[in-house]
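Q: Got a model open here and want to go through it piece by piece. Can you take my questions as they come?

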Amino acid sequence: MQSYYSASKNIDIAQASLRNEVSADICVIGGGYTGLSTALYLAKNGINVVVLEANTIASGASGANGGQISGGMRRDQIHLEKTLGKAVAKTLWVIGERAKDHAKTLIDDHQIECDYKNGIAHPNHKQKYCDESKAYVEHLNKHYDCSDIVYAGDDQMRTLTGSEAYFGGSYDRAQAHCHPLNYALGIAKAALNNGANIYENSAVNSYHLKNGKMRVLTANGAVNAERVVLACNGYLENLEPKLTSKILPMNNYIVATKPLADDMVEKINPEDIAFADSRFVVNYFRLSADKRLLFGGGENYSQNLSNNIVPIVTKPMEKIYPFLKGIQIDYAWGGKLAITLNRLPFFKTLHSGKVLSAQGYSGQGVALASFAGKIIADKICDVGDMFDTMANIPTPSFPGGRLLRSSSMKIGMAYYALLDRI
Ligand SMILES: Cc1cc2nc3c(=O)[nH]c(=O)nc-3n(C[C@H](O)[C@H](O)[C@H](O)COP(=O)(O)OP(=O)(O)OC[C@H]3O[C@@H](n4cnc5c(N)ncnc54)[C@H](O)[C@@H]3O)c2cc1C
């Protein structure tokens, strides 16, 4: 089934595939938020940049996701303070907040029409989590000068979600949501307008160093470049074996219902915000511009995406909205994201600095991956130190290494998914 996003995209920018040999300063592999924003910022700086995308622009997670523009990192600040110390935790918070603001700046600067709207709430599915959420909101208010986040009590959260399945939780009015594919295509258009070259249907098979330059090979062409940027995230597979034990690809799924009647819209989302709940396997949902419920949830680790997505997602959806049982589902799709063991983005230089890589945003890539492009471009242009700051944070390998990481994680994730239910 097609995705709602591709059915409602507002920019068409088909690009040719690479059919010859070209030279560039930088060759970016991967045409999602990371690769496209890297290309945009490099092109703006007058750098000759080529993007090679295996399929079509934003055909990976960037064109398929929940559209939630979150702040901070995937792990909360209290956990980061405990594990990395207060100073590093603060730096990570600032990077996460800058990433969130950067998404809005990109949208404004390039007039990207992507239904940007403010507000994400995090409802708790268990009463016992509420005290912790309240304390966390107070912590952010007090120690991070963050006044946009408030605690919504049980009644308020039930009004916001229109669901009896939730208790209270946090509500951040500065976080946002958008049409993720139109956001990505807007970045691609801006990159092209600034002189970047993008080749679609140009999967990179390998790269190597030859005569001091990186030679990047596709089936029908090659790019000779000073440096390579790896921006493949959940789709990296074995292209760079040095990275594969550090990130774990994971499939996640979304459905779109038929457009809802006005009274249903008013009942389930009167403020038109996005939600991401407290489950380990997070349920996330919001309305589309044409008032469909876009509901995401359910994940697995198989090589290929499931070809039977609807039951995977409608099961949790009907627990939260029993009155939507049996509603017509018009679209169902999925994508691959990449997580790291510490749930922090993984930045690294490889091959004596000839290859720069950023992946593993752990479900927070709408803001972080598009900001990663700026961080990478700044590193290449020798301005800013955020790449090194991130690269200096140790990223542990998954237990079991490259071959067994999936099975060991499956066991761990199954355990936490079970805790969600009891
Ligand atoms: C269903 C789903 C829901 C999500 N919801 C959210 C959310 O609400 N909020 C949030 O912040 N994050 C969310 N995420 C995560 C977010 O989408 C990603 O973190 C982000 O899109 C990563 O961007 P990227 O550019 O690094 O990777 P991608 O967008 O995946 O792009 C990587 C690209 O590399 C290409 N590629 C791979 N190998 C090669 C090769 N050898 N040669 C050429 N090209 C190659 C792929 O085709 C792909 O287009 C979600 C992800 C999924 C799947």
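Q: Is aspartate 382 buried or exposed?
A: Exposed. Aspartate 382 has 6 other C-beta atoms within 10 Å, and 12 or fewer counts as exposed. Keep in mind that this is a predicted model.

Q: Where does aspartate 382 lie?
A: In the loop between H10 and helix H11 (386-391).

Q: What about its phi?
A: The phi of aspartate 382 is positive, about 65 degrees, although the residue is not a glycine.

Q: Which residue in the S8–S9 turn has a positive phi?
A: Asparagine 211, at about 50 degrees. This residue is not a glycine either.

Q: How many C-beta neighbours does asparagine 211 have inside 10 Å?
A: It has 6, so asparagine 211 counts as exposed.

Q: How do S8 and S9 pair, parallel or antiparallel?
A: Antiparallel, over six bridges. They form a hairpin with two residues between them. Within the pairing, serine 206 stands opposite leucine 217 of S9.

Q: And what does S9 do with S10?
A: S9 also pairs with strand S10 (residues 222-230), in the antiparallel sense, over four bridges. That is a hairpin too, with three residues between the strands. Methionine 214 stands opposite alanine 225 in S10.

Q: Which residues are on the covered face of S9?
A: Met214, Val216 and Thr218. The uncovered face has Lys213, Arg215 and Leu217.

Q: Why the every-other-residue pattern?
A: In a regular strand the side chains alternate between the two faces of the sheet.

Q: OK, which way do the S2 side chains point?
A: Val49 and Val51 point one way from strand S2 (residues 49-52). Val50 and Leu52 point the other way. All four are buried.

Q: What is S2 joined to, and in which sense?
A: Strand S1 (residues 21-29) is joined to S2 by four bridges, and the two run parallel. Cysteine 27 has valine 50 as its bridge partner in S2.

Q: Switching to the ligand. How many residues surround it?
A: There are 45. The closest are Gly30, Gly32, Gly60, Gly66 and Gly365.

Q: Which elements give two or more residues to that shell?
A: Helix H2 (33-44), strand S11 (248-257), strand S15 (329-339) and helix H10 (365-380).

Q: How does the shell divide by residue type?
A: Into 19 nonpolar, 24 polar and two charged residues.

Q: Helices next. Which residues of H9 are buried?
A: In H9 (residues 309-320), they are Ile309, Val313, Thr314, Pro316, Met317 and Ile320. Seen down the axis, they fall within an arc of 165 degrees, so they line one face of the helix.

Q: What do they pack against?
A: Against S11, strand S14 (293-300) and S15. S11 and S15 also give residues to the ligand shell.

Q: And what is on the face turned away?
A: The exposed residues Pro311 and Lys315.

Q: What about H6, which residues are buried there?
A: Met157, Leu160 and Thr161, in a helix that covers residues 154-161. Their arc is only 85 degrees around the axis, which puts them on the same side of H6.

Q: What covers them?
A: The cover includes strand S4 (117-123), strand S5 (149-152), strand S6 (169-177), H8 and S12.

Q: What comes just after H6?
A: Glycine 162, with a positive phi of about 65 degrees.

Q: What does asparagine 269 contact, leaving aside its neighbours within four places in sequence?
A: Gly162, Arg286 and Leu287. Asparagine 269 lies in the loop between helix H8 (262-268) and strand S12 (274-276).

Q: Is asparagine 269 buried or exposed?
A: Buried, with 22 other C-beta atoms within 10 Å. The cut-off for buried is 20 or more.

Q: How far is asparagine 269 from lysine 291?
A: 9.9 Å, C-alpha to C-alpha. In sequence they are 22 residues apart.

Q: Zooming out, how many helices and strands are there?
A: Twelve helices and 17 strands. The radius of gyration is 21 Å, close to the 22 Å that the globule rule gives for 422 residues, so the protein is as compact as a globular protein of that length.

Q: What does the C-alpha trace span?
A: About 65 × 45 × 45 Å along the principal axes.

Q: What share of the residues is buried?
A: 49% of the 422 residues.

Note on methods. Residues are numbered from 1 along each chain as its sequence is written. This is a predicted model: local features need pLDDT of at least 70, side-chain atom pairs count only at pLDDT 80 or more; totals for chains, interfaces and linings use all residues. A residue is near a molecule or strand if its C-beta atom, placed from the backbone, lies within 6 Å of it. Ala, Val, Leu, Ile, Met, Phe, Trp, Tyr, Cys and Pro count as nonpolar, Asp, Glu, Lys and Arg as charged, and the others, Gly among them, as polar. The radius of gyration is taken over C-alpha atoms; the globule rule is 2.2 Å times the number of residues to the power 0.38. Two residues are in contact if their C-beta atoms, placed from the backbone, lie within 7 Å. The arc is that of the directions from the helix axis to the C-beta atoms. Two strands pair if DSSP finds at least two bridges between them.
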